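Welcome! Please take a look at the sequence and the 3D view below, and keep both at hand while you read.

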Amino acid sequence: MFIETETTPNPATLKFLPGRQVMPSGTREFTDPDAADISPLASALFSLGDVTGVFLGSDFVSVSVAPGVQWADLKPQVVAILLDHFVSGAPLFAGGDAADIAVPAEEADMGDDPADADVVAQIRELIETRVRPAVAGDGGDIIYRGFREGVVFLTMQGACAGCPSSTQTLKQGIEGLLKHYVPEVTEVRAA
């Protein structure tokens with residue numbers, strides 16, 4: 001087995017591609033070792049000490065490290081853990097599979113006005129078809145949180161969450177795209 005590595009726009013995050021499916025559906029982000037207890041893979045990565053985030057995508061794992069950590073020192077250890085996990089066929093989650101994995105409840109949608117249903121449907125479609133694939137290419141994900149009074153609220157995950165260019169991505173990239181196709185959108189904000 002060979003694991004490819006890609007850089008991301010976030011210098012603290014690398015994207016690891018094991019050449020096979022990681023998550024059968026959805027994504028999952030771990031931002032601390034306690035949250036990672038449900039995933040043997042994420043727990044093993046956090047056990048390295050310098051890891052500050054693990055993001056599981058459809059066919060990749062993004063790993064973020066603390067400021068000042070040199071990837072040259074840590075990358076071989078991350079690759080070894082990933083190889084051990086995927087070669088052994090170990091489960092991604094303790095006690096089951098990823099079929100029921102969802103965004104945690106505390107990050108639930110803000111609730112949309114039913115009068116905006118058509119606009120929200122257009123926004124969600126654009127995010128699913130145009131934005132999420134691009135963001136996944138950079139080792140992250142973007143989650144729709146709500147639409148109120150012309151403002152779209154989004155949450156960035158994985159490599160994109162702590163990326164120095166995430167504000168630019170939201171404002172110049174995503175906001176420009178949504179404003180172009182959905183005139184009711186006036187602004188995009190991080191939720």
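This report walks through the strands, the helices and the cores.

## Before we start

This is a predicted model, in which local features need pLDDT of at least 70, side-chain atom pairs count only at pLDDT 80 or more, and totals for chains, interfaces and linings use all residues. Residues are numbered from 1 along each chain as its sequence is written, and side-chain values use heavy atoms, with hydrogens and water left out.

Helices (H or I, at least four residues) and strands (E, at least two) are DSSP runs, numbered from the N terminus.

## Strand 2 and its partners

Let us begin with strand 2 (13-17). Two strands count as paired if DSSP finds at least two bridges between them. Strand 1 (residues 4-7) runs antiparallel to strand 2, and four bridges join them. Together they form a hairpin, with five residues between the two strands. Glu4 has Leu17 of strand 2 as its bridge partner. Strand 2 is also joined to strand 5 by four bridges, again antiparallel, and here Lys15 stands opposite Ser62.

Is strand 2 enclosed or open? Five of its five residues are buried, so the rest of the structure largely encloses it. Buried means under 20% relative accessible area, exposed over 50%, and partly exposed in between (1.4 Å probe, protein chains only). Thr13, Lys15 and Leu17 point one way, Leu14 and Phe16 point the other way, and all are buried.

## Two nonpolar cores

A nonpolar core is a set of buried Ala, Val, Leu, Ile, Met, Phe, Trp, Tyr and Cys residues joined through side-chain atoms within 4.5 Å. The largest one has 26 residues, and among those that touch the most other members are Phe16, Leu41 and Leu82. Strand 2, helix 1 (40-46), strand 4 (51-56), strand 5 (61-65) and helix 2 (71-88) each supply at least two residues of this core. Helix 2 gives the most, with seven residues.

A second, separate core has 21 residues, including Val152, Leu154, Ile174 and Leu177.

## The sheet of strands 6, 7 and 8

Now find the open sheet of three strands, which has the order 6-7-8 and mixed pairing. Strand 6 and strand 8 (187-190) are its edge strands, since each pairs on one side only. Eight bridges join strand 6 to strand 7, which run antiparallel, and Ile142 has Met156 of strand 7 as its bridge partner.

Helix 3 packs on this sheet, touching strand 6 and strand 7, and its direction makes about 165° with that of strand 6. Contact here means heavy atoms within 4.5 Å. Helix 4 lies across strand 6, strand 7 and strand 8, running at about 145° to strand 8. For such angles, axes are lines fitted to C-alpha atoms, for helices over the stretch in contact, and the angles run from 0 to 180 degrees between N-to-C directions.

## A closer look at helix 3

The buried residues of helix 3 include Val119, Ile123, Leu126 and Val135. The buried residues of this helix pack against strand 6 (140-148), strand 7 (151-158) and helix 4 (166-181).

Where does helix 3 have a kink? A kink of about 40° lies at Val131, shortly before the proline Pro133. The bend at a residue is the angle between axes fitted to the seven residues ending there and the seven starting there. After helix 3 comes Gly139, with a positive phi near 90°.
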